[in-house]
Amino acid sequence: MSSEAPAVANTPSPSTHSSNNTASSEQHAQAPTMAATSAVLDPSSSATPTTNTTAATSTSAASSGAVGAKAKAKAKAKAKAKAKSKAKGNKKGGKTANTPPGQQEQPITPPTITSTNTSTTAAVVEKPMSAARAKKEARRKKIQEENEREAFVRQLNSVPNFFEKFHAFKTYKSNGLDLELEYIHSGDITKELQKWVFSLLEDNMKNYYEGSWGWNPTQTRSEMTNTNTRYIICRERVSRQPVAFSYFTFETEDMPVGCSLYLYELQLHPSVRGKGLGTFLMQITELIARSSKVDCIRLTCFTDNSEAVQFYEKHGFVLDPLTPKVTFEDALSSTYRIMCKSYSPNGLLRKGLL
């Protein structure tokens with residue numbers, strides 16, 4: 001790892017430089033003095049050379065002393081300038097090295113720290129799932145989804161009245177009809193009203209039932225009195241006479257489209273047909289389905305009842321995967337077909353994803 005700041009160039013100490021110059025001057029001054037002394041002591045030497053040597057010696061000593069003093073002063077000035085420059089550099093946030101003459105001082109660049117960690121994480125390789133384990137996992141997911149759907153349906157069946165917030169649909173005034181609509185739970189329906197419902201259903205549908213799987217009054221009454229069955233009853237506003245009804249339940253099926261509103265019956269008295277009341281009841285059923293966040297509306301329609309088939313197709317219903325037989329052509333040849341209108345593919349609404 002590199003240091004946090006560049007190293008400072010090594011420069012000789014001003015005091016060392018000064019003392020070296022002084023010593024050199026003193027040695028230089030002592031040399032002629034010794035020469036002069038030897039000349040005086042030597043009797044063979046003449047007076048003239050002695051005098052000249054002495055004069056030269058004194059001149060040289062004086063000159064050397066002046067040079068030493070100048071060198072000292074110069075060294076002190078240089079050291080002072082250097083210290084001042086150093087102090088300025090420290091104030092700016094970093095140390096600066098002496099820059100050789102003629103070169104421009106380079107800016108200080110922070111060191112780059114490079115990681116030397118070359119360790120790698122080994123890839124985790126998952127073992128392929130065995131066939132037995134995959135089958136077990138699929139079974140676990142299927143059970144979990146079934147439990148979720150059943151819990152969802154139980155929650156829907158606990159709601160007392162889905163019709164309460166649709167105030168605009170509680171009356172129907174059109175095409176000479178003045179009707180009021182009410183939402184009734186199967187546990188609250190009177191025996192008199194239940195008898196009327198069964199009678200209208202038998203009048204309208206008995207022939208179609210007999211042409212398919214047969215008319216079964218016991219089974220029909222069981223569906224009508226199921227604890228989770230909900231009714232929408234249409235009555236004339238003045239006379240309070242019922243003229244139409246529908247009933248449905250919330251159910252779950254082991255299919256891609258799982259939770260449904262199953263519309264068992266939608267029946268009108270002949271006196272109120274062709275006046276838009278059937279479409280009005282269908283709209284109410286769709287509102288309830290959407291607000292409850294079920295995946296679809298499902299119903300069973302006899303293929304011989306061409307008017308009903310056209311009515312449901314007009315409102316966006318198509319063949320449901322639950323329809324009997326394998327192919328589409330075979331389904332059309334059956335005595336009945338199961339139809340559906342999907343609102344939430346793969347249960348996105350009830351899962352909060354749509």
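Mentor: A residue is called buried under 20% relative accessible area, exposed over 50% and partly exposed in between, using a 1.4 Å probe and protein chains only. This is a predicted model, in which local features need pLDDT of at least 70 and side-chain atom pairs count only at pLDDT 80 or more, while totals for chains, interfaces and linings use all residues. Residues are numbered from 1 along each chain as its sequence is written, and side-chain values use heavy atoms, with hydrogens and water left out.

The structure contains eight salt bridges, each being a side-chain nitrogen of Lys or Arg within 4 Å of a carboxyl oxygen of Asp or Glu. One of them joins the side chains of Arg235 and Glu182, at 2.5 Å from N to O. Arg235 belongs to strand 3 (residues 230–236) and Glu182 to strand 2 (residues 177–185), so this pair ties together parts 53 residues apart in sequence. Strands here are DSSP runs of E, at least two residues long, and helices are runs of H or I, at least four, both numbered from the N terminus. Arg235 is buried, its relative accessible area being 17%, whereas Glu182, at 25%, counts as partly exposed.

Another salt bridge is formed by the side chains of Asp320 and Arg298, at 3.0 Å from N to O. Asp320 sits in the loop between strand 7 (318–319) and helix 8 (328–332), and Arg298 in strand 6 (residues 296–302), so that distant parts of the chain, 22 residues apart, are linked. Both Asp320 and Arg298 are buried.

Glu313 and Arg337 also meet through their side chains in a salt bridge, with an N to O distance of 3.7 Å. This pair again links distant parts of the chain, with Glu313 in helix 7 (residues 306–314) and Arg337 in strand 8 (residues 336–342), 24 residues apart. Glu313 is partly exposed, at 42% relative accessible area; Arg337 is buried, at 11%.

Glu251, in strand 4 (residues 242–252), is buried yet has no salt bridge, and the nearest side chain of opposite charge, that of Arg298, is 6.7 Å away. Lys and Arg count as positive and Asp and Glu as negative, with His and the chain ends not counted. The Glu251 side chain does make polar contacts with the side chains of Thr249 (2.9 Å) and Tyr264 (2.6 Å). A polar contact is a pair of N or O atoms within 3.5 Å; within protein, one must be able to donate a hydrogen and the other to accept it, and residues adjacent in sequence count only if both atoms are side-chain atoms. Leaving aside residues up to four places away in sequence, Glu251 touches Val153, Gly258, Cys259, Ser260, Tyr262 and Tyr264, contact meaning heavy atoms within 4.5 Å.
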